[in-house]
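Biologist: I've got a new model open and I'd like to learn how to read it. Can you walk me through it?

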Amino acid sequence: MATNSFRFCPTCAAAGGEWMNNREYRCPSCGFRFFQNVAAACGVLIEHEGRFLFLGTTWRFCGSGREC
Ligand SMILES: [Zn+2]
């Protein structure tokens, strides 16, 4: 969803909602709040004889010398 794509509140259909820092939408009529903070990540959980190992990564590790 593109930033600032709401013209009307998706909950109450009122006009006049505000975008804060292009990441948070607030509706003054009903108080609905929408946060645009998408973050991609992946991970795997390995279990062996009751012990667990979690391996994960996010986009922040790409290009920083770690596996991506
Ligand atoms: Zn609303």
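Biologist: How many of the 8 residues of strand 4 (residues 41-48) are buried?

Modeller: Keep in mind that this is a predicted model. For burial, you count neighbours: a residue is called buried if 20 or more other C-beta atoms lie within 10 Å of its own. In strand 4 the number buried is 0, so the strand lies largely in the open. Across the chain, buried residues make up 6% of the 68 residues.

Biologist: How do the strands pair, parallel or antiparallel?

Modeller: The general idea is that strands of a sheet pair through backbone hydrogen bonds, in either sense. Here, an open sheet of 3 strands has the order 1-2-3 with antiparallel pairing. Its edge strands, strand 1 (18-20) and strand 3 (33-35), each pair on one side only. Neighbouring strands of this sheet are turned by 20° against each other on average, ignoring direction. Strand 2 (residues 24-26) is joined to strand 3 by 3 antiparallel bridges, and glutamate 24 has phenylalanine 35 of strand 3 as its bridge partner.

Biologist: What does strand 4 pair with?

Modeller: Strand 4 pairs with strand 5 (residues 51-58), antiparallel, over 8 bridges. One example is cysteine 42, whose bridge partner in strand 5 is threonine 57.

Biologist: Which residue takes a positive phi in the hairpin of strand 4 and strand 5?

Modeller: Glutamate 49, with a phi near 50°; the hairpin has 2 residues between the strands.

How values were computed
Residues are numbered from 1 along each chain as its sequence is written. This is a predicted model: local features need pLDDT of at least 70, side-chain atom pairs count only at pLDDT 80 or more; totals for chains, interfaces and linings use all residues. A residue is buried if 20 or more other C-beta atoms lie within 10 Å of its own, exposed if 12 or fewer, and partly exposed in between; C-beta atoms are placed from the backbone. Two strands pair if DSSP finds at least two bridges between them. Helices (H or I, at least four residues) and strands (E, at least two) are DSSP runs, numbered from the N terminus. Axes are lines fitted to C-alpha atoms, for helices over the stretch in contact, and angles run from 0 to 180 degrees between N-to-C directions.
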